[in-house]
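This briefing covers a protein chain shown below.

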Amino acid sequence: MTATSIPVGSYYRWQLDGQTVLAKLLGIGREHQLPPLTWTLAPTGAITGEASVLDGHTLQRAAITAWAAHLGATVTETERADRISLHAFISVAGTRVGALRAELYPDTD
């Protein structure tokens, strides 16, 4: 058991559910030729698709924008002291399943 008293089996069930959603997202990306992202699956089953900082501003922004548009998500942009953060919550069948994100650093484009 974890410190929050949630049975370990619950986390695995959530991750298996998230893995199913992730497989669908990968299929969507391939079918619609969306830019590849780095995908992370959290213990809660939440999925994060992240654009690589090594791709630079233009490609990062294009990747997040393309995925968000295809999934009907809204991208928010937050200016920070040293970068701009892009973020969009993603939902499948009306249920929030994760997020898309990118960190745009000024010297990477």
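Two strands are taken as paired if DSSP finds at least two bridges between them. Helices (H or I, at least four residues) and strands (E, at least two) are DSSP runs, numbered from the N terminus. The model is predicted, and local features need pLDDT of at least 70, side-chain atom pairs count only at pLDDT 80 or more, while totals for chains, interfaces and linings use all residues. Residues are numbered from 1 along each chain as its sequence is written, and side-chain values use heavy atoms, with hydrogens and water left out.

**Sheet**

- An open sheet is formed by 5 strands in the order β1-β2-β5-β4-β3, with mixed pairing.
- Because β1 and β3 stand at the edges with a single partner strand each, one side of each has no neighbour in the sheet.
- Neighbouring strands of this sheet are turned by 25 degrees against each other on average, direction ignored; axes are lines fitted to C-alpha atoms, for helices over the stretch in contact, and angles run from 0 to 180 degrees between N-to-C directions.
- Strands of a sheet pair through backbone hydrogen bonds, in either a parallel or an antiparallel way.

**Hairpins**

- Strands β3 (residues 76-79) and β4 (residues 84-92) run antiparallel and are joined by 4 bridges.
- The hairpin of β3 and β4 has 4 residues between the strands.
- β4 also pairs with β5 (residues 95-104) in the antiparallel sense, over 9 bridges.
- The hairpin of β4 and β5 has 2 residues between the strands, and Ala93 in the turn has a positive phi of about 55 degrees.
- Leu86 in β4 stands opposite Glu77, and Leu86 also stands opposite Ala102 in β5.
- The bridge partner of Ser91 is Arg96 in β5.
- Arg96 also lies over the face of Phe89, at 3.7 Å from the ring centre; a charge sits over a ring if NZ of Lys or CZ of Arg is within 6 Å of the ring centre and within 35 degrees of the ring normal.

**Helices on the sheet**

- α2 lies across β1, β2, β3, β4 and β5 and runs at about 165 degrees to β5.
- Contact here means heavy atoms within 4.5 Å.

**Aromatic pairs**

- Rings of Phe, Tyr and Trp (its six-membered ring) pair if their centres lie within 6.5 Å; planes under 30 degrees apart count as stacked, over 60 as edge-to-face and the rest as tilted.
- The whole structure holds 2 aromatic pairs by this search.
- Tyr11 and Trp14 form an edge-to-face pair, because their ring centres are 5.1 Å apart and their planes stand at 80 degrees.
- Tyr11 and Trp14 are 3 residues apart in helix α1 (residues 8-31), and so are separated by about one helical turn.
- Tyr11 counts as buried at 17% relative accessibility, and Trp14 counts as partly exposed at 27%; buried means under 20% relative accessible area, exposed over 50%, and partly exposed in between (1.4 Å probe, protein chains only).
- Trp39 and Trp67 are also edge-to-face, because their ring centres are 5.2 Å apart and their planes stand at 75 degrees.
- This pair links distant parts of the chain, with Trp39 in strand β1 (residues 38-41) and Trp67 in helix α2 (residues 56-71), 28 residues apart.
- Trp39 is buried, with a relative accessible area of 17%, and Trp67 is buried, with 2%.

- Ser85 is placed in strand β4 and counts as buried at 5% relative accessibility.
- The side chain of Ser85 makes polar contacts with the side chains of Arg80, at 2.8 Å, and Glu103, at 2.6 Å.
- A polar contact is a pair of N or O atoms within 3.5 Å; within protein, one must be able to donate a hydrogen and the other to accept it, and residues adjacent in sequence count only if both atoms are side-chain atoms.
- Not counting residues up to four places away in sequence, Ser85 touches Thr76, Glu77, Thr78, Arg80, Ala102 and Glu103.
- Thr76 is found in strand β3 and is partly exposed, with a relative accessible area of 42%.
- With residues up to four places away in sequence again left out, Thr76 touches Ser85, Leu86 and His87.
- Thr76 and Tyr12 are 64 residues apart along the chain, and their C-alpha atoms are separated by 31 Å.
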